[in-house]
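Please examine the sequence and the three-dimensional model shown below. The report that follows describes the fold, the confidence and selected contacts.

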Amino acid sequence: RPAPVHSSAINDCGYAVGQRVVHAEFGPGIVRAVEGNGDRTKLTVRFERSGIKKLIARYAALERQDQR
């Protein structure tokens, strides 16, 4: 099992810990962990309305928000 990425480095799928995202059903959230890489990348996201969810990045349909 790959270890989670706990830095602000952007994973090869384009997500970084601390990055703000929006999901159509779960709403806005922040990426808390990125595990693995490529097609098997898993994201742990803390959503404001829905709590913590684990998602497979390629199927997650997350909209990335600009970092400010």
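The sections below proceed from the whole chain to individual residues.

## Overall architecture and confidence

This is a predicted model. The protein chain contains six strands and zero helices, so that the order of elements from the N terminus is β-β-β-β-β-β. Of the 68 residues in the chain, 34% are buried. The accessible surface amounts to about 4700 Å², and carbon and sulfur atoms contribute 47% of that area. Among contacts with a separation of 6 or more, 36% are between residues 24 or more positions apart.

The mean pLDDT of the protein chain is 86, and 79% of the residues reach at least 70.

## The E4-E5 hairpin

Strand E4 and strand E5 (residues 51-56) run antiparallel and are joined by six bridges. The two strands form a hairpin, with three residues between them. Within this pairing, Phe47 is placed opposite Gly51 of E5.

Thr41 belongs to the loop between strand E3 (27-35) and E4. Is Thr41 buried or exposed? Its relative accessible area is 0%, and therefore Thr41 is classed as buried, the cut-off for that class being under 20%.

The side chain of Thr41 makes two polar approaches to the backbone. One is to the backbone oxygen of Gly38, at 2.9 Å; the other is to the backbone nitrogen of Asn37, at 3.5 Å.

## Salt bridges

Two salt bridges are counted in the model. In one of them, the side chains of Lys54 and Glu35 meet with an N to O distance of 3.1 Å. Because Lys54 lies in strand E5 and Glu35 in strand E3, this pair ties together parts that are 19 residues apart in sequence. The two partners fall into separate accessibility classes: Lys54 is exposed, at 56% relative accessibility, whereas Glu35 is buried, at 11%.

Arg58 forms a salt bridge with Asp39, in which the closest N and O atoms are 3.4 Å apart. Here the pair connects two loops: Arg58 lies in the loop between E5 and strand E6 (62-64), and Asp39 in the loop between E3 and E4, so parts 19 residues apart in sequence are tied together. Asp39 has a relative accessible area of 52% and is therefore exposed.

## Glycines in the loop between E1 and E2

Gly14 occupies the loop between strand E1 (4-5) and strand E2 (20-23). Which residues does Gly14 contact, leaving aside its neighbours within four places in sequence? The contacts of Gly14 are with Gln19 and Arg64. Gly14 and Arg64 are 50 residues apart along the chain, and their C-alpha atoms are separated by 9.1 Å. With a relative accessibility of 24%, Gly14 counts as partly exposed.

Gly18 is also found in the loop between E1 and E2. The C-alpha atom of Gly18 is separated by 5.2 Å from that of Val31, a residue 13 positions away along the chain. Gly18 counts as partly exposed, at 34% relative accessibility.

Terms used:
Residues numbered from 1 in each chain as written. Predicted model: local features only at pLDDT ≥ 70, side-chain atom pairs only at ≥ 80, totals over all residues. Heavy atoms only, no water. Helix = DSSP H or I, 4+ residues; strand = E, 2+ residues; numbered from the N terminus. Buried < 20%, exposed > 50% of the residue type's maximum accessible area, 1.4 Å probe, protein only. Contact = heavy atoms within 4.5 Å. Areas by Shrake-Rupley, 256 points an atom, 1.4 Å probe, with all protein chains shown as cover. pLDDT = per-residue confidence, 0-100. Polar contact = N/O pair within 3.5 Å; in protein donor to acceptor, adjacent residues only side chain to side chain. Pairing = 2+ DSSP bridges. Salt bridge = Lys/Arg side-chain N within 4 Å of Asp/Glu carboxyl O.
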